[in-house]
Amino acid sequence: MAQTVSQPQRERSVQETQSATLDCTYDTSDTNYYLFWYKQQRGQVTLIIRQEAYKQHNATESRFSVNFQKAAKSFSLEISDSQLGDAATYFCALMGATVTQATEGD
């Protein structure tokens, strides 16, 4: 199954204490999947937030929250009260959760 993820913004400048929103769109034929936002800084990659496609509410984690629009296949990250330590590369990712079952013949 083909899956794609796209981030239209290349670079974003934000003043400390301001909010920043990073956009991500995706496409998948899976009905059950997980979306992630990661932060890459000084060669280390850290998971910041995860959203399950079947959940109705948007995930939040500390100053990070998402705006998940399943019908529009949009998954934006909002960073509130930006701090100097937030300067990094952010990327979104998608993981399908389709389970394939194999059966053994007689």
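Leaving aside its neighbours within four places in sequence, which residues is Ser 74 in contact with?

1. **Overall make-up.** This is a predicted model. The chain has nine strands and zero helices, so its pattern, read along the sequence, is β-β-β-β-β-β-β-β-β. Taken along the principal axes, the box filled by the C-alpha atoms is roughly 65 × 30 × 25 Å. Of the 106 residues in the chain, 31% are buried. Among contacts between residues at least 6 apart in sequence, 54% join residues at least 24 apart.

2. **Strand 6 and strand 7.** Strand 6 covers residues 60-61 and strand 7 covers residues 64-69. The two run antiparallel and are joined by two bridges. Glu 61 has Phe 64, in strand 7, as its bridge partner. The two strands form a hairpin with two residues between them, and in this hairpin Ser 62 takes a positive phi near 60°. Along strand 7 the side chains alternate between two faces. Phe 64, Val 66 and Phe 68 point to one face and are buried.

3. **Strand 7 and strand 8.** Strand 8, residues 74-79, pairs with strand 7 in the antiparallel sense over six bridges. Lys 73 lies in the loop between strand 7 and strand 8. Its phi is near 55°, a positive value in a residue other than glycine. Lys 73 has a relative accessible area of 27%, which lies between the limits of 20% and 50%, so Lys 73 is partly exposed.

4. **Ser 74.** This residue is in strand 8. Is Ser 74 buried or exposed? Its relative accessibility is 18%, and because that is under the 20% limit, Ser 74 counts as buried. As for the opening question, Ser 74 is in contact with Cys 24, Tyr 26, Asn 67, Phe 68 and Gln 69, leaving aside its neighbours within four places in sequence.

5. Strand 4, residues 33-41, pairs with strand 5 over eight bridges. Within this pair, Leu 35 stands opposite Gln 51 of strand 5.

6. **The largest pocket.** The space in the largest pocket is about 500 Å³. Two elements give two or more residues to its lining: strand 2 (20-22) and strand 9 (89-96). Which of the elements gives the most to the lining of the largest pocket? Strand 9 does, with three residues. The lining has 22 residues, and those that lie nearest the centre of the pocket are Arg 12, Leu 22, Asp 86, Ala 88 and Tyr 90. By type, the lining residues divide into ten nonpolar, six polar and six charged.

7. **Two loop residues.** Gln 83 lies in the loop between strand 8 and strand 9. With a relative accessibility of 41%, Gln 83 counts as partly exposed. Apart from neighbours within four places in sequence, Gln 83 is in contact with Glu 16 and Arg 63. Gln 83 and Ser 19 are 64 residues apart along the chain, and their C-alpha atoms are separated by 9.7 Å. The second residue, Thr 17, is in the loop between strand 1 (3-6) and strand 2. Thr 17 is not a glycine, yet has a positive phi of about 75°. The relative accessible area of Thr 17 is 59%, which is over the 50% limit, so Thr 17 is exposed.

Definitions and conventions: Residues are numbered from 1 along each chain as its sequence is written. This is a predicted model: local features need pLDDT of at least 70, side-chain atom pairs count only at pLDDT 80 or more; totals for chains, interfaces and linings use all residues. Side-chain values use heavy atoms; hydrogens and water are left out. Helices (H or I, at least four residues) and strands (E, at least two) are DSSP runs, numbered from the N terminus. Buried means under 20% relative accessible area, exposed over 50%, partly exposed in between (1.4 Å probe, protein chains only). Contact means heavy atoms within 4.5 Å. Two strands pair if DSSP finds at least two bridges between them. On a 1 Å grid over the protein atoms alone, a cavity is a set of points where a 1.4 Å probe fits but cannot get out, and a pocket is an open set with protein on both sides within 12 Å along at least five of seven lines; lining residues have an atom within 4 Å of a point. Grid points are joined across faces, edges and corners, and a volume is the space filled by probe spheres set on the points. Ala, Val, Leu, Ile, Met, Phe, Trp, Tyr, Cys and Pro count as nonpolar, Asp, Glu, Lys and Arg as charged, and the others, Gly among them, as polar.
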